[in-house]
There are 2 protein chains.
Amino acid sequence: MEQQTTGYIHVHEETVHRVNEIMPGEEELFDLAELFKIFGDSTRIRILYVLFESDMCVCGIAELLGMTQSAISHQLQVLKKAKLVKYRREGKTIFYSLADGHVRTILDQGMEHITE
Amino acid sequence: MEQQTTGYIHVHEETVHRVNEIMPGEEELFDLAELFKIFGDSTRIRILYVLFESDMCVCGIAELLGMTQSAISHQLQVLKKAKLVKYRREGKTIFYSLADGHVRTILDQGMEHITE
DNA sequence: AATACATATGAACAATCGCTCATATGAAAG
DNA sequence: CTTTCATATGAGCGATTGTTCATATGTATT
């Protein structure tokens, strides 16, 4: 391997520069990983698929998915914190809905990958 | 709430049907969650960004990211298992590269979501 | 005020995860 | 065959995760 000025033994200097240019910053990387972690659980994915069809209250989602109100509520807090869902109160009931269209795009891309 | 024939108290029967139609099967949901779990770690994301620029050997990646060979190798096995990277051997060295273009699309979609 | 219904939340637990360390495998060079 | 370099792998660990259980908060009804 030719002479290097960067101290890297296994990587070309030019490659190091190119990688450093496109590599997102520490905070962006963290946020990106946090986002994908959200999608990395089938309960949360199922909740999102439910909300594709209709706004729904917490115990509605729980009924539909056959899970406890508590489990669903905990996961909805996770989705809320990540700004993937929003909610509105109507009396005693709280209706959750999708925050934006990116959610669907990301899930669709993932589905494309696994079904090929 | 009006009379239901499905036994659901909080959800309209029609909504139940619509959700059941679009909801992926158990195995698809599992695979989808598994896929996104892979993207849910910043070390793996950084490896993928490196491979966007160039095929690279294990210790090249380790050098570039300032991590141990072992840590990188373990993560490459995860990425390999998920068919996100492929590899070729050249003598003692093994070069890893991206398996397909979906990887980039998925990361780009995620990046779009967090930078808005 | 008291009750009932809808939701949120904190503690606890088993399960999983990412890294380190030590060691094993594999290929080339001497 | 022995050494060296590149990579893989298994055990062990501290940290994080998803669920359950019990309980708290919040709203409407009586």
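Good morning. I begin with a contact to a base: in the side chain of A:Gln69, a polar atom lies 2.9 Å from a base nitrogen of DNA strand C; a polar contact here is a pair of N or O atoms within 3.5 Å. This is a predicted model, in which local features need pLDDT of at least 70 and side-chain atom pairs count only at pLDDT 80 or more, while totals for chains, interfaces and linings use all residues. Residues are numbered from 1 along each chain as its sequence is written, chains are lettered from A in the order in which they are written, and side-chain values use heavy atoms, without hydrogens and water.

Of the atoms of DNA strand C within 4 Å of the protein, 61% are sugar and phosphate. Phosphate oxygens of DNA strand C lie 2.6 Å from a polar side-chain atom of B:Thr43 and 3.2 Å from one of B:Thr68. H5(A) gives the most to this surface, five residues; helices are DSSP runs of H or I, at least four residues, numbered from the N terminus.

Which residues come nearest to DNA strand D? Of the 26 around it, they are A:Thr43, A:Arg44, A:Ser70, A:Gln75 and B:Tyr96. The side chain of A:Thr43 has an N or O atom 2.6 Å from a phosphate oxygen of DNA strand D, and that of B:Gln69 has one 2.9 Å from a base nitrogen. Here H5(B) supplies the largest share of the surface, five residues. Thank you.

How values were computed. Near = heavy atom within 4 Å. Polar contact = N/O pair within 3.5 Å; in protein donor to acceptor, adjacent residues only side chain to side chain. Helix = DSSP H or I, 4+ residues; strand = E, 2+ residues; numbered from the N terminus.
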